Amino acid sequence: MRAAPTRWKQKASDMLEMTTAADAWPSRTETRVRWIPRHGETVRTSWTDNAPLTSEQHASFEQNGFVVLEKLFSQSEIALLQEELERLRVDQSSLDPETIIREPSDDAIRSIFAIHRQSRIFRRLAHDKRLVDIARHILADEVYIHQSRLNHKPGFRGKEFYWHSDFETWHVEDGMPDMRAISVSILLSENREVNGPLMLMPGSHKQYVTCVGETPENHFKTSLRKQEYGVPDDESLTRLAEKGIVAPTGPAGTVVIFDCNTMHGSNGNITPLLRANAFLVYNAMFNALGAPFGPKQPRPDYIAARSDARAIVPASLMPGREA
Ligand code: 6CS
Ligand code: FE
């Protein structure tokens, strides 16, 4: 009789150990798909009058997992970013060749990673007070850049990005502990219905959908051109899409901010029209990367920052007010 409480105690401590060691967001570990609900608020700071988002924008992010901001930047700021985009497209001599990802079918540039470290203009953009304030508001912490990239989706041959949750990849392949990161996409060309704009599934950020298939080592060497692991199953995508699929369109300068777990993707671009954007991922400081949950080898720093995980200082994009 008296032994029972001890056994219970023993059992409780075993369970505690199991809970601390267990992965809260397992993926690519089982042959079946699981939906794991996400609890708690996505926007971690309560809305007040001086928040950097209006109450509608704040509520849209909370409910849908994304928000679209128009006219955040001036015409001259956008022109400056477009000039820099073009400069890097034409001449990559200043870039680390490793950071340039090409289309799977030809040599056209698909993405350039670590642009905030390789370009003064994009470094300023990453530090821009308007963006940093929104990131701090949503994540309720100081922030740093986990990943940055330029996505060119060239006319005629730009290929699609299949449906995915960024967090699924960042957790499994980069060891990002929790859903405390946001992506900011700054459109650098007009995005129309026809030239392969970003598509998002509203509300999908509230469910974590596990993926099937073990990640091969060095997966990034192929996944950034065409992703084959970390891909959700058709049935889950069908269910998530029941709330709709939204493809925000707008002129260059439009900003789309989305949660790291929002299901998204984009079609190819067979139009003659360029589609390009700059992409910045802000992660909460306390959510810094650990060991990957999947492959043993972490991905390179230019894809998932470890060495420069320090808070970024809000500044202004315009010259003369350097970060
Ligand atoms: O693997 C990654 O980290 C990148 N790949 C995709 C398709 N989206 C998120 C991220 O930029
Ligand atoms: Fe993505």
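Student: Is W25 buried or exposed in this structure?

Tutor: A residue is buried when its relative accessible area is under 20%, exposed when over 50%, and partly exposed in between, using a 1.4 Å probe and protein chains only. W25 is buried, at a relative accessible area of 10%. Please note that this is a predicted model, in which local features need pLDDT of at least 70, side-chain atom pairs count only at pLDDT 80 or more, and totals for chains, interfaces and linings use all residues. Residues are numbered from 1 along each chain as its sequence is written, chains are lettered from A and ligands numbered from 1 in the order of writing, and side-chain values use heavy atoms, without hydrogens or water.

Student: Which parts of the chain does the pair of W25 and F167 tie together?

Tutor: Helices (H or I, at least four residues) and strands (E, at least two) are DSSP runs, numbered from the N terminus. W25 belongs to the loop between α1 (3–21) and β1 (35–37), and F167 to helix α7 (residues 166–174), so the pair joins parts 142 residues apart in sequence. F167 is buried, with a relative accessible area of 0%.

Student: What is the geometry of the rings of W25 and Y208?

Tutor: Their centres are 5.1 Å apart and their planes at 65 degrees, so W25 and Y208 are edge-to-face. Here W25, in the loop between α1 and β1, is linked with Y208 in strand β9 (residues 207–209), 183 residues away. Both W25 and Y208 are buried.

Student: Which residues coordinate the iron ion (ligand 2)?

Tutor: Donors are N, O and S atoms within 2.8 Å of the metal (3.2 Å for Na, K and Ca); water is not among the atoms, so sites may look incomplete. H164 (NE2), D166 (OD) and H264 (NE2) coordinate the iron ion (ligand 2) at 2.1 to 2.2 Å. Their spacing in sequence is H-x1-D-x97-H. H164 is buried at 9% relative accessibility, and D166 is buried at 7%.

Methods:
Phe/Tyr/Trp six-rings, centres within 6.5 Å; stacked < 30°, edge-to-face > 60°.
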